[in-house]
Amino acid sequence: MSEKTVSPPGSEPATVTGSEPEPVAGPETVSVAGPETVSVAGSEPVAGSAPESEPEPVAGSEPAAGALDGPAPRPPRRLLRAAARWTVAAAVFAGVGTGAAFGVSGMERDQVPGLSTRDDGRWEYPELSLPALPVGSPRPFSKANTGEIHHADLRDLLLPAPAGATPDKKRTGGWVSTDQYVSEYAEDRRAELRPWLRDLAVRHVAARGWTMPDGTAARIYLLRFPSVAFAQTFAYEATKIETGEGLPLATAPQSVLDEEWLPDSAAGAALRTMADAYVEPEPYGATQTRHAYIVAGDTLALIVQERKGGSPAVPFHQTTILQNQLLG
């Protein structure tokens, strides 16, 4: 941004017979901190005295007897300097006001003291990026990949833990057994899940978990199947996600569709994937559990979050959307 120079109107140097003009201090630059710098130039040299003039007679009267002839008295130098200072100050304050207004209007709302947006509960995730693929391998939903196969390492597709999280020692972002995955479900339903996983030939299971400072525990599982058909069969037949109830979890004997989750309009949700969210209804026990399924090509994701006294919806939806983006 260019500097603005404000010069108070000065007067041309004048000379009084018998005296030399006294120059005023040279140009002075005032820099104002902020997005805009205002430079104020000093005035031009001001005449040390005013031109000689005869006093103007008052109408209807003659000059008083004995009046002295000569020039009118000069205004004191301190008055001239004070006037110059006030002119400079006015220009500086105007510049400060303009710069401050520009700075505030150019800031985000959460950067302005007193106008910051209240924390809505979202977690602070690191910057996300899609993992590198083997040379010549297409993305799962590109035109060249009609089978919708994920060629990236499944562990690299797991959502990383947010800031402030304490890692889960059993789910560190690496491979886990199918039994570890099955342990998320109600004990009386595990026996029926194992044959499904065996018959549908699940290839790999990766998992990551963490606990947040507010006590929310989160776990994410990614299951890779030989094809899209196998992944969809497990989702619809084994977990019963189309019934609106889902397979009961160990921490949630009953779940219903999450009415706050709008997968079709959720900002950032990946195209050509399916995401369904569930919540444990009231009255729940000591903890409330939320969980979601994502079906993306040959891969299925299970996201579980629980917290004592109630599981917050905002970070749960945020986590589901971000994991969906990594798979899409």
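Student: Where does aspartate 298 lie?
Tutor: Aspartate 298 lies in the loop between E8 and E9, where helices (H or I, at least four residues) and strands (E, at least two) are DSSP runs, numbered from the N terminus. This is a predicted model, in which local features need pLDDT of at least 70 and side-chain atom pairs count only at pLDDT 80 or more, while totals for chains, interfaces and linings use all residues. Residues are numbered from 1 along each chain as its sequence is written, and side-chain values use heavy atoms, with hydrogens and water left out.

Student: Is aspartate 298 buried or exposed?
Tutor: Aspartate 298 counts as buried, because its relative accessibility is 1%; buried means under 20% relative accessible area, exposed over 50%, and partly exposed in between, with a 1.4 Å probe and protein chains only.

Student: What does the side chain of aspartate 298 make a polar contact with?
Tutor: The partner is the side chain of histidine 150, at 2.8 Å. A polar contact is a pair of N or O atoms within 3.5 Å; within protein, one must be able to donate a hydrogen and the other to accept it, and residues adjacent in sequence count only if both atoms are side-chain atoms.

Student: Changing topic, how many strands form the open sheet?
Tutor: The open sheet is formed by 7 strands in the order E3-E4-E5-E9-E8-E7-E6, and the pairing is antiparallel; two strands pair if DSSP finds at least two bridges between them. Strand E3 (166–175) and strand E6 (256–257) are the edge strands, each pairing on one side only.

Student: So what about E6 and E7, over how many bridges do they pair?
Tutor: E6 and strand E7 (residues 274–279) pair over 2 bridges in the antiparallel sense, and tyrosine 278 in E7 is the bridge partner of leucine 257. Helix H5 (residues 313–327) packs on the sheet, touching strand E5 (217–224), E7, strand E8 (287–296) and strand E9 (299–308), and its direction makes about 20 degrees with that of E8. Axes here are lines fitted to C-alpha atoms, for helices over the stretch in contact, and angles run from 0 to 180 degrees between N-to-C directions.

Student: At what angle do H3 and H4 pack?
Tutor: H3 and helix H4 (residues 228–238) pack at about 165 degrees, with their axes 10 Å apart. That makes H3 roughly antiparallel to H4, as angles under 35 degrees count as roughly parallel, over 145 as roughly antiparallel, 65 to 115 as roughly perpendicular and the rest as oblique.

Student: Which residues in H3 and H4 meet?
Tutor: Leu193, Trp196, Leu197 and Asp199 in H3 meet Phe230, Thr233, Phe234, Glu237 and Ala238 in H4.

Student: One last thing, which residues does the cis peptide bond join?
Tutor: The cis peptide bond joins glutamate 282 and proline 283, with omega about -5 degrees, and proline 283 is found in the loop between E7 and E8.

Key:
Contact means heavy atoms within 4.5 Å.
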